[in-house]
Amino acid sequence: GWGLCFDGTGYWRSDGSSRLRRHRADTYEEEVSRTVVVTSQGNVVSFLNELECVDDVVFANVWKTPYVVQIR
């Protein structure tokens with residue numbers, strides 16, 4: 001799975017792993033310093049899919065589960 005959403009100034013991208021990567025809107029250059037590893041209660045959350053950006057929050061479906069995670 002994968003996902004992409006626009007937060008108003010840049011893009012957040014998932015590749016189905018636990019990492020979200022941010023890209024510049026004008027060049028799509030990856031902003032390596034803004035890469036986020038998503039965890040919940042100390043555990044890595046993998047299979048991030050179908051991103052939605054709402055204000056300063058990214059929501060991601062956890063592929064093949066009924067769960068949606070909220071990433072700040």
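I looked up Tyr-11 first: at 27% relative accessibility, Tyr-11 counts as partly exposed (buried is under 20% relative accessible area, exposed over 50%, partly exposed in between, with a 1.4 Å probe and protein chains only). I keep in mind that this is a predicted model, where local features need pLDDT of at least 70, side-chain atom pairs count only at pLDDT 80 or more, and totals for chains, interfaces and linings use all residues. Residues are numbered from 1 along each chain as its sequence is written, and side-chain values use heavy atoms, with hydrogens and water left out.

Next, the rings. I searched the whole structure and found three aromatic pairs (rings of Phe, Tyr and Trp, the last by its six-membered ring, pair if their centres lie within 6.5 Å; planes under 30 degrees apart are stacked, over 60 edge-to-face, the rest tilted). Phe-6 and Tyr-11 have ring centres 5.0 Å apart and planes at 50°, so I log the pair as tilted. Phe-6 is partly exposed too, at 41%. Ring pairs join Phe-6, Tyr-11 and Tyr-28 into a cluster.

Then I turned to Glu-30. I find Glu-30 in the loop between strand E3 (19–24) and strand E4 (36–37) (strands are DSSP runs of E, at least two residues, numbered from the N terminus). Its relative accessibility of 30% makes Glu-30 partly exposed. Leaving out residues up to four places away in sequence, Glu-30 touches Arg-13, Arg-21, Arg-22, His-23 and Thr-35 (contact means heavy atoms within 4.5 Å). I also checked Leu-4: 26 residues from Glu-30 in sequence, and 13 Å away in space, C-alpha to C-alpha.

How values were computed
Helices (H or I, at least four residues) and strands (E, at least two) are DSSP runs, numbered from the N terminus.
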